Amino acid sequence: MTKGGDSVARVLAENDISETYVLLGNQTVDIADGLHERDVDVISARHEYNAAVMADTRGRLTGEPGVAITVAGPGGTNALTGVAQAYTAASPMVFISAVLPEDAPTESLHGVDDQHFLRKAFEPATKWSTQVHDPERVPEALNRAFDIATTGRPGPVFVGIDEEILTESVDIPESAFDWTHISETPPAADAVVDALEPIEQAEKRVLYPGKGVLRAFATEELVAVADALDCPVVCPRHYPDSFPNDHEAFAGTVGMSDHPAAVTALADADAVLSVGVRPSSHEAAVLDDRTRRDVDIVYFDSGNVEFPQSNAAAFVNGDLETVLGAAADVLDETAGNTDPSYRDAVRAEKTRVSEELDDYLEAVRDQTPIHPLVIMAELRAVADDDVIVTGDAGAAGGAWPNDAFEYRATNSFQHSRLYDSMGFPVPAGNAAKLVAPDRQVVNLIGDGGFLMCNMELATAVSTDTDAVTIVMNDAKYGMIWNYQRSDDHAEIATDIPQADIAAMAESFGVRGVTVEDPEEVRPALETALGADEHVVLDVHIDPTAEYVSRKIW
């Protein structure tokens, strides 16, 4: 006999999990005991959503599933937003929650009338959602969850475990823990060769890499393909870090707002090689909208083959590191030439925008309240090339870092992405620092978003992580307020009482610094990045500042 919670801990340890994110309850303390005994770190978040965000971020940065654990009922439903966000980001995660026994009466503690409501709630937002009421099934369900989370298109999995299993001694035979993890079969080499033919023949072509490249950790292979093709590279708007932005081929992003160089590249393209973009996704629909109807689009992706939003000339399904490696070898010999006048036209647009951006920065550099563009420019000037930036929904963590920050390292922008929930950066930054303690981590967030996750400063203190949180403080839900102003809506429900963010940070035992003068921005950033503790910069910004994409693009 063994405690059911300990059996969960055993499976997690056997899958080489070194760190879990939790908000414990009496249903899950036995799991924590078992993890502690096996030297697996049990890190407490201050809200279940934040535990899921930390697991999501770990999955993005390592390629291995992040694990979050909560109690039944509100523990699960509070985390659902974070799990759905991981699904849209194709981030591997195993989310474990207690669930009620199948014979529980209606309106039980942590329950509703349907005892399977958590499994059903998570089903549309996960690759697999299951509920376990037989102790012998616990090891199998968890091991299968790891396989499903990491094969094909990565994503989260929900495993609900009967609370009576977790809290009582159960009989699980040793054979139940035996498991052979599955491995994926790479695509045939001929499939890659045949699919590339339209790309090789086109003189006006574009490389369009998405989040799948990041999840496959295939940057080196992607850059080799880009070099062989010698063509513009355009990224989806929410994944500007899919390709090194300082590479001469990078032409910007499209989706929601479009860089003019990227628009030029796609509008005139005869063929597009789309890599790591789900064919039925928003990113594929954007590609379809920005290209001509007769363009040849070749898809390389992992996961289930789906009907493309765009007309596909070819589709290769398989591990992208393998596919791109094979493609680079082929294209080194057969790529043909990109039309130099087409390539030069794209680069000319990129240069024009860069020059106008410099002019815009000079025009606003000394203004107060501080212009957000100054923060972006100074951060890029003083931060390491591989700085990890976490971003929030809205302007502070979305529009500004998308428009005005150069991502020199791939997989370095961790954002709430298309699910776009607020309150993401601080818990994400905590997880990023735990994964990569030697890298700089900067959290970009507005005051509205910060008020949704400031409790995770307590986690930063307890884990001794030294990220930098930049709060763009304008006493408003700024993006929506600007929308109200520009589209003649009533300006209501978007004001935030002016909070002393620095003092709030200090109350958690975190260093807080108020920045109101633009000349203070760079020294404040340099000091914060060099500190060996978490630092919160409360930067008072201009709520009327016009986005780069509206001012220039």
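**Charge, burial and pairing**

A: A patch of negative charge on the surface is formed by D227, E248, D329, D332 and E333. The model is predicted, so local features need pLDDT of at least 70 and side-chain atom pairs count only at pLDDT 80 or more, while totals for chains, interfaces and linings use all residues. Residues are numbered from 1 along each chain as its sequence is written, and side-chain values use heavy atoms, with hydrogens and water left out.

Q: What are patches made of?
A: Residues with over 30% relative accessible area and no salt bridge; like charges are joined within 9 Å, and nonpolar side chains (Val, Leu, Ile, Met, Phe, Trp, Tyr) within 5 Å. Lys and Arg count as positive and Asp and Glu as negative, with His and the chain ends not counted. The place of a charge is NZ of Lys, CZ of Arg, CG of Asp or CD of Glu. Accessible areas come from the Shrake-Rupley method with a 1.4 Å probe, and for residues only the protein chains shown count as cover.

Q: Which helix gives the most to the negative patch?
A: Helix α14 (residues 320–334), with three residues. Helices (H or I, at least four residues) and strands (E, at least two) are DSSP runs, numbered from the N terminus.

Q: And where does D227 lie?
A: In helix α11, residues 219–229. D227 is partly exposed, at 46% relative accessible area. Buried means under 20%, exposed over 50%, and partly exposed in between (1.4 Å probe, protein chains only).

Q: Switching to salt bridges. How many does the structure hold?
A: 30. A salt bridge here is a side-chain nitrogen of Lys or Arg within 4 Å of a carboxyl oxygen of Asp or Glu. Side chains of opposite charge can pair when their charged atoms come close.

Q: What does E140 pair with?
A: R144, with the closest N and O atoms 3.2 Å apart. Both residues lie in helix α6 (residues 137–150), four residues apart, about one turn of the helix. E140 is partly exposed at 27% relative accessibility, and R144 is partly exposed at 32%.

Q: How about R352 and E356?
A: Their side chains meet in a salt bridge at 2.9 Å, N to O. They are about one helical turn apart because they sit four residues apart in helix α15 (residues 340–364).

Q: And D241 with R417, buried or exposed?
A: D241 is buried at 0% relative accessibility, and R417 is buried at 0%. Their side chains form a salt bridge (3.6 Å, N to O). D241 is in the loop between β10 (233–236) and β11 (250–254) and R417 in the loop between β16 (413–415) and α18, so the pair ties together parts 176 residues apart in sequence.

Q: Which residues are linked in a network?
A: E362, R365, E378 and R522, through salt bridges.

Q: Back to burial. How many residues of α17 are buried?
A: In helix α17 (residues 395–404), 10 of 10. Among them are W400, N402 and D403.

Q: Where is K433, and what is it in contact with?
A: K433 is in helix α18 (residues 425–435) and is buried, at 7% relative accessible area. Leaving aside neighbours within four places in sequence, K433 is in contact (heavy atoms within 4.5 Å) with R439, V441, T465, D466 and A467.
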